[in-house]
Amino acid sequence: MSDMSFAARVRKELAEHISKGKHCIKAELRGIYEGSRHTAPFSIFSEGLTIPEKSISLMQKAYGLDMVAEKTAHGTQVSLMTGGSKVYEDLMSAKTLERECCKRAYLRGWFLAAGTVTDPEGSYHLEMVADDDEMADKLRSIIDFFGITAKITHRKGRSVLYIKEGQKVVDFLNIVGAHVALMEFENTRILKEMRGNINRQVNCETANINKTISASAKQIEDIELISRAIGLDGLSDSLREIAVLRLENPEISLKELGEMFDPPVGKSGVNHRMRRIGEIADDLRYGGRK
């Protein structure tokens, strides 16, 4: 397993994803621009190198223009020295997001710029940050186009879209083209569910065993009290038979006890006889039969 976080692996995969159509390249560039700290005419700031490097690549493929990178104390600024206004106007036109494939590319760009996702070993959580509710609503409408419902919260004065359902996170990763990360997420999710099912089954079986042991201990205590006080011969044939079987088989369930009879007795029948033995024992404990 890589030393990179799951979110970093997702971003790396998306950074290496290059669309074939120029229309999708523009849509992804728009997603990066709107998700990043930016100014117009065209300039993008990022703390890391992934966004600047991909922005430079996409700009060259979409418009044949070179962006200039400038290192700052807090990150990297990439800008168009000429033609920024025309590029901005073209990217922000409605036609940029008309096609479904372009909507996918747009979400990929925005996630690269302002998205993260938790490791599936923990809780499921994917989010993207927007400057304000207006931008968040626009982003949410595009996510909703693919049948994924995202919620909005606020953090440090910004709007945050988030998805918490595991299957919806998988769907989003598929939409943006993070297919390797998707398989990793799914495999981890399946293993988690299997472990959860096994743990629930073990806990249930343990609880049943403890319940059987506790009930058996009480039944044996009652039978031994009757044996000391009046002898087991003082019981009816059916009660004496179940009492002897319980003494000889303290670890088995009532159902298994019933199966030892010839013919077998159902669980309810065994339970009825054990209740009667308990009543007799209580009469002996508390001074006479009722």
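Predicted model: local features only at pLDDT ≥ 70, side-chain atom pairs only at ≥ 80, totals over all residues.
Reader: How do β7 and β8 pair?
Author: β7 and β8 pair in the antiparallel sense over 5 bridges. Strands are DSSP runs of E with at least two residues, helices are runs of H or I with at least four, and both are numbered from the N terminus. Two strands pair if DSSP finds at least two bridges between them.

Reader: Which residue stands opposite I152?
Author: I152 stands opposite L161 in β8.

Reader: And what is in the turn of that hairpin?
Author: The hairpin has 2 residues between its strands, and K156 in the turn has a positive phi of about 55 degrees. Most residues other than glycine have a negative phi.

Reader: Is K156 buried or exposed?
Author: K156 is exposed, with a relative accessible area of 83%. Exposed means over 50%, buried under 20%, and partly exposed in between, using a 1.4 Å probe and protein chains only.

Reader: New topic: where is P263, and what is the peptide bond from D262 to P263?
Author: P263 is found in the loop between α10 (254–259) and α11 (267–285). The peptide bond from D262 to P263 is cis, with omega near 0 degrees.

Reader: How much space lies in the largest pocket?
Author: About 560 Å³ lies in the largest pocket. On a 1 Å grid over the protein atoms alone, a pocket is an open set of points where a 1.4 Å probe fits, with protein on both sides within 12 Å along at least five of seven lines; lining residues have an atom within 4 Å of a point. Points are joined across faces, edges and corners, and a volume is the space filled by probe spheres set on them.

Reader: Which residues lie nearest its centre?
Author: Of the 23 residues lining the largest pocket, S46, E47, L112, A113 and A114 lie nearest its centre.

Reader: What about the second largest pocket?
Author: The second largest pocket has a volume of about 410 Å³. Of its 16 lining residues, N208, K211, T212, S253 and L254 are the closest to its centre. α8 gives the most to this lining, with 8 residues.

Definitions and conventions
Residues numbered from 1 in each chain as written. Heavy atoms only, no water.
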